[in-house]
Structure formats: structure tokens, C-alpha cells
Amino acid sequence: MISLKINKKTYTVDADPNMPLLWFIRDIIGLTGTKFGCGVAQCGACVVHLNGEAVRSCVTKVSRAENQDITTIEGLSAHNDHPLQVAWNEENVPQCGYCHSGQLMSAAVLLRDKPHPTDQEIDDAMAGNICRCGTYLRIRKAIHLAADLQEKNGGTV
Amino acid sequence: MKNQFNLNTSWRAYKTVIVMAVILCTAGIMAFALNSDGDHKNIIPLVVIKKDSVASVKAFASVYRVLMSPRCMNCHPAGDIPLQGDDSHLHTMLPKRGAEGKGVFAMKCANCHQPENTLGLHTPPGNTNWHLPPANMKMVFEGKTPRQLARQMVDPNHNGHKNMQQLIAHADDGLVLAGWNMGEGRTKPPTSHAAFKKAWITWIKTGAYAPKK
């Protein structure tokens, strides 16, 4: 049996420790906000937080995540009101939307570590998240807006 | 005269004993200082150098071929972006070194590179300590001539503050060994790890001479 703590809830399941974390999240506990993209850590669609770091769940084994803190897009905020989610909505960032849970999870790590990132820092942080609709400019704009919203909220996310 | 002679002889013998004692104490203190890293299980005997510039330069030629192979050089780039593949192109997604060599923000090395290799072609190779050299000690291999790289290797200000003993021990570092286990589809360095280690130690123990070019 393996116990995983996802979005502050513990799941104990009889699972293969070599299973990708993404399989566990989507297929076993049914949180389908996190997407499968490439399966080889090259696109960023499957990003979740493992102890606060933006890991790619398609290549992260369940054994690495055991008893660690995992946050998926469903746990990013209580009411879909993380400054990034508000800004994403405000700027109409997604087109098809498939990559955006991964985009948001990566951007959340950036804003936590760098409350007011420059364009270059946004590019450095987000370069691993691919968007085939090409929404990059709106992503950058929304991250700047989210930084302002975060500041207005007193720095809390 | 006889007494004077005896007195001089005694004084010389006394001085000899004093000098020998000072030399032995100094050598003992130095040996202790060089070996006292706080972990007595890992004590390495002092490096005995037997200078031989010809053998040293010859050994470094073999070392250089390994260090400049993609499996080693790709993580010792001239810029702040690691290299990738057998053609040493810039790493896709352009991840940055960061202050500690472990990436930046959402682009940390360990976000993709797992503690072990991921199965399959074109998947991230892994290691528990995957990283680039830190920003304040870049230890660049890319673009270095044999002479430049040899001189860099023995300069503590550019080799990660390593002395000769630590350099020898570094041949068995986990990330160095990982160069020979980089996952499916990646060419290994041009010699075995055993042959590399032998050439590396030979180079150091024969004086760590730098080639002329």
C-alpha cells in the first residue's frame, strides 16, 4: 500500500511504486485537471507541485511522491481564486486550454519565488511549458497582472 | 682540545636531534591537517607525486577525450544553459543554471531529472544529485583546449576548491559515474570508467602536467 498526500488529503492505495504520479492522480483518484501531454517531460502539461516544486508528473514515480506534499490544479486555491486564476480569466489567456493547468502550476512557483518577475524571468520560468495555440504573450501579461493582484492581496496567494 | 671537540660533537648531535624532531612534527601536523576532514573512514593517503611530464601529458590526452565527450561536457557548458544530446546542442526548453546550478523557479533540474534514469528513448536521464556547477564556480569544459582544461583542473579557484587528494577521489563521484549510465540511446564516453580513472590518477600522480596546447 502506498500513501500519497494530494491537495491536503491522504490517499492510501495498492499501487505499483513505479507507476507515474500522473496515472495515480488521473486514473486512480480521478483528478483530471492535470493533463497528459508528451509523457517524457518535454511539454509541461502534467506539472504538479511536489513539496512546492513544479515537477512533471508523467516521469515522476509514485515512489518519489510517497508521503510528500502534492498539489494539483484542483488544490491551487479553494475557490479558483488564486491571483493567477483570476488573471488568466481576466486576460482570456487560454485558447484550447489543454496546457493551462500546467502553465498555471509553473507560474504559481514563479510568483511564490519572485513576486514581481521581469519578462525575462517569466520566460526563464515558463520556457518548459509548451502551448501549441501560442498563447505565450497573454500568459506573460497575465502573470504580470497576477503579480499586481497578489500584492493587493497583501502578498498572499 | 679534546674537551672542546667533545663539546662541539655533542652540540652538533643535539642540533641534529632538534632539527629532525621539528621536521617530523611538521610533517605529522601537515599529514593530519590534510587528512582531517572530520570523517576518518574516508582518510586517503597523501598523494605521492613521481614527476614524469611525458607520462603525465600522455595520460591527460585520454582524460581530455572523456571530459570533452557529451556525457561530461554537456553539464559543463560555457554559457548558463546546459547542453544536450550527442551533438551537444543547447538543452531544449533552455533551462538556466541558477545560483546553485540546480535551475530556476519552475525550471529546476530535478523537476524532470528523477533520482534514476527514466525508461525509454528521449526521456530524462537521472541522478539523485543532478545539477550544473554553481554560478560562482562554473568549471567550464566547453571550448577549452587540453592545456586550458588541465590548468583549470588543478587550480583550486576554478576546480571547486579541490586539492590533489580530492581530485583523485572525485573520479568516483556519483555524478561522474553517472556519465557511464545516462540511459537508453546515449553514447557512452570514449573509454571505460576504469580506464578513465586510471588515466586520471596517472596524470595527477605524475605531476598533473598541462599539455603545450
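Author: Before we begin, a helix here is a DSSP run of H or I with at least four residues, a strand is a run of E with at least two, and both are numbered from the N terminus. The model we are reading is a predicted one.

Reader: With that in hand, how many helices and strands are there in chain B, and in what order do the elements run?

Author: Chain B has eight helices and four strands, and, read from the N terminus, its elements follow the order α-α-α-β-β-β-β-α-α-α-α-α. Of the 213 residues in chain B, 25% are buried, and among the contacts in chain B with a separation of 6 or more, 60% join residues 24 or more positions apart.

Reader: How should I read the packing of two helices, and at what angle do helix 2 and helix 5 of chain B pack?

Author: The general idea is to take the angle between the fitted axes, where 65 to 115 degrees counts as roughly perpendicular. Helix 2 (residues 53-67) and helix 5 (residues 146-153) of chain B pack at about 90 degrees, and their axes are 11 Å apart, so helix 2 and helix 5 of chain B are roughly perpendicular to each other. From helix 2 of chain B the contact uses B:Phe60, B:Tyr64 and B:Leu67, and from helix 5 of chain B it uses B:Pro146, B:Leu149 and B:Ala150. By class, the residues of this contact are six nonpolar, no polar and no charged.

Reader: Turning to chain A, what does its radius of gyration say about how compact the chain is?

Author: Chain A contains six helices and five strands, in the order β-β-α-β-β-α-β-α-α-α-α from the N terminus. The radius of gyration of chain A is 15 Å, which is close to the 15 Å that the globule rule gives for 157 residues, so chain A is as compact as a globular protein of that length. Along the principal axes, the C-alpha trace of chain A spans about 45 × 35 × 25 Å, and buried residues account for 45% of the 157 residues in chain A.

Reader: Is A:Pro17 buried or exposed, and where does it lie?

Author: A residue counts as exposed if 12 or fewer other C-beta atoms lie within 10 Å of its own; A:Pro17 has 11 and is therefore exposed. A:Pro17 sits in the loop between strand 2 (9-13) and helix 1 (21-28) of chain A. Leaving aside residues up to four places away in sequence, A:Pro17 touches A:Ile2, A:Lys61, A:Val62 and A:Ser63.

Reader: Finally, how many residues of each chain are in contact across the two chains?

Author: The contact joins 19 residues of chain B to 21 residues of chain A. Strand 4 (107-108) and helix 4 (109-112) of chain B each supply at least two residues of the side of chain B that touches chain A, and that side of chain B divides into ten nonpolar, seven polar and two charged residues.

How values were computed
Residues are numbered from 1 along each chain as its sequence is written. Chains are lettered from A and ligands numbered from 1 in the order in which they are written. This is a predicted model: local features need pLDDT of at least 70, side-chain atom pairs count only at pLDDT 80 or more; totals for chains, interfaces and linings use all residues. Two residues are in contact if their C-beta atoms, placed from the backbone, lie within 7 Å. Ala, Val, Leu, Ile, Met, Phe, Trp, Tyr, Cys and Pro count as nonpolar, Asp, Glu, Lys and Arg as charged, and the others, Gly among them, as polar. A residue is buried if 20 or more other C-beta atoms lie within 10 Å of its own, exposed if 12 or fewer, and partly exposed in between; C-beta atoms are placed from the backbone. Axes are lines fitted to C-alpha atoms, for helices over the stretch in contact, and angles run from 0 to 180 degrees between N-to-C directions. Angles under 35 degrees count as roughly parallel, over 145 as roughly antiparallel, 65 to 115 as roughly perpendicular and the rest as oblique. The radius of gyration is taken over C-alpha atoms; the globule rule is 2.2 Å times the number of residues to the power 0.38.
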